[in-house]
Amino acid sequence: MSWFRREESKIESTSGNRVRTEGLWTKCDGCSQIIWKADLDANLQVCPKCGFHFKMGARARIDSLLDPGYELVDGDLRSTDPLKFVDLKPYAARLKKAQQDTELNDAIVNATGMLGPHRVVVSAMEFSFIGGSMGAVVGETIARAVDRAHDARQPLIVISASGGARMMEGIVSLMQMAKISAALARLDEAGIPFISLMTDPTTGGVTASFAMLGDLNIAEPNALIGFAGQRVIEQTIRQKLPEGFQRSEFLLQHGFLDAIVKRGEMKDYLIRALDFMQVR
């Protein structure tokens, strides 16, 4: 004989009132700590616990460096898929998806504006657009930034974040290395400063051309910078590479960089550099 009778639960679901936390936290690749994304955003995508530098979009880069009121320019170019390249997925489809995801026409953003007392031209690469790879549009856009800096006699700052030349455009992509380098030679002859800022990663044809041609070459902490990948180099020379090879600290130690600058200190550093160069 049952001594009690189980009543149906009168507790109503409160799922509609739950606090939504999905997507509000992220894990740091440096210290493995869980970080509130709002804190990360407020700290320029730098871990407030260990200082690890997360990747940062091109527009956010420009926002962090230029004073309010800057102008975006040269953003109307689109790739024509010159080789009609098809691998696992047609290149045209990859371009369309990247454009939808990033709201950019290609992996580059140009801007003009004030950096403290200095009017400058900035060209920032967008890594989330097909790995920041350099095709005809990226090459032409950077070349236009160089020409703009030359004609206006304003310093040029290029922020690299790239896996290198875009293989889907073949030789058309590789031609951009020479085109940009030649334009920078004109800038050098005119005595106009070019500052190259390398972020994680800066590799392949970008490193082999304009990224290493700055009057001042600087990088963020622990940025991967190099031409060929570490595995390819080890298999070629049949030697184990040293720890930290191709990281910005290693390059600074061996004379390939002029400075490593933390992101939060970058704007003040660039202003001081341009003050030293006596550019107004």
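## Nonpolar cores

In this predicted model, the largest nonpolar core holds 35 residues, of which Leu156, Leu184, Leu187 and Phe210 touch the most other members. A nonpolar core is a set of buried Ala, Val, Leu, Ile, Met, Phe, Trp, Tyr and Cys residues joined through side-chain atoms within 4.5 Å; buried means under 20% relative accessible area, exposed over 50%, and partly exposed in between, with a 1.4 Å probe and protein chains only. At least two residues of this core come from each of helix H3 (91-102), strand E5 (118-125), H4, strand E6 (156-162), helix H5 (170-189), strand E7 (194-203) and helix H8 (248-253). Helices (H or I, at least four residues) and strands (E, at least two) are DSSP runs, numbered from the N terminus.

Leu184 is in contact (heavy atoms within 4.5 Å) with Val146, Leu156, Phe194, Phe210 and Leu213, leaving aside its neighbours within four places in sequence. Another core, of 24 residues, lies apart from the largest one and includes Ala58, Leu66, Ala111 and Val122.

## Basis of the model

Residues are numbered from 1 along each chain as its sequence is written, and side-chain values use heavy atoms, with hydrogens and water left out. Because the model is predicted, local features need pLDDT of at least 70 and side-chain atom pairs count only at pLDDT 80 or more, while totals for chains, interfaces and linings use all residues.

## Overall architecture

The protein has 9 helices and 10 strands. Its C-alpha atoms fill a box of roughly 100 × 45 × 45 Å, taken along the principal axes. Of its 280 residues, 44% count as buried. Among contacts with a separation of 6 or more, 66% join residues 24 or more positions apart.

## Asp215

Asp215 is found in the loop between helix H6 (204-207) and strand E8 (216-219). This residue counts as partly exposed because its relative accessibility is 43%.

Leaving aside neighbours within four places in sequence, Asp215 is in contact with Asp188, Ile192, Pro193, Phe194 and Asp258. Asp188 and Asp215 are 27 residues apart along the chain, and their C-alpha atoms are separated by 8.5 Å.
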